[in-house]
Amino acid sequence: MSRTTVWVFILLALFIPASARAQHDGVPRIRAVGSPAALLLELGRDRSVTFRHVAERIARGNTIVHVVWRQTGGQLRGVTQLVTYAGGYRFLRVTLEGHASRSAAASMLGHELQHVAELAAAPWAVDDLGVAALYESIGQRSCAKGTCFDTQAAQHVGVQIFRELTDGSITSADE
Ligand SMILES: [Zn+2]
């Protein structure tokens, strides 16, 4: 057995149990805060394969995200923020604020969860500097002041989820 082969086995021994633990530790990665957010999660998971795929990618990482929907007046906006890194997990918060149909809000939630999945895939991004470095490389700035970014992947995910949720079967209960 060559030295390289030994190293490969050691690395596998280190990383495979870690990834298996991430998937099977029973810790819910996406948590709704309040029933409006819970309804959006349920809608997305039940009716959108794209939404489910994003959630599965989050389940493989060490990010835990709390989701809140503040149903205020005005146009719907969404933001994803890193809250803290503790106990081996990165705690994130997705905040939706404003008024929209459930389909539109679930699509925006899916867009924000794509950002969570992007962070889940970059385990080294554990603070604001790390997050900014990640988005300097994969995203585009989305505001003139401050540090806000967006990605084409998240834009695509949001549009795709909206298509899946509104494909001819949404009833008036959507509003
Ligand atoms: Zn975005």
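## Contact between H4 and H6

In this predicted model, Ser103, Ala104, Ala106, Ser107, Met108, Gly110, His111, Gln114 and His115 of helix H4 meet Ala153, Ala154, Val157, Gly158, Ile161, Phe162 and Leu165 of helix H6, where contact means that C-beta atoms, placed from the backbone, lie within 7 Å. Helices (H or I, at least four residues) and strands (E, at least two) are DSSP runs, numbered from the N terminus. H4 covers residues 102-120 and H6 residues 152-165, and the two pack at an angle of about 150 degrees with their axes 8 Å apart; axes are lines fitted to C-alpha atoms, for helices over the stretch in contact, and angles run from 0 to 180 degrees between N-to-C directions.

Residues are numbered from 1 along each chain as its sequence is written. Because the model is predicted, local features need pLDDT of at least 70 and side-chain atom pairs count only at pLDDT 80 or more, while totals for chains, interfaces and linings use all residues.

An open sheet of 4 strands has the order S1-S2-S4-S3, with mixed pairing, and two strands pair if DSSP finds at least two bridges between them. Its edge strands are S1 and S3 (77-86), each of which pairs on one side only. S3 and S4 pair in the antiparallel sense over 9 bridges, and Leu82 stands opposite Leu92 in S4. H4 lies across S2, S3 and S4, and runs at about 160 degrees to S4.

## Surroundings of Val116

Leaving aside neighbours within four places in sequence, Val116 is in contact with Ile58, Thr63, Val65, Thr80, Leu92 and Val94.

Terms used
Two residues are in contact if their C-beta atoms, placed from the backbone, lie within 7 Å.
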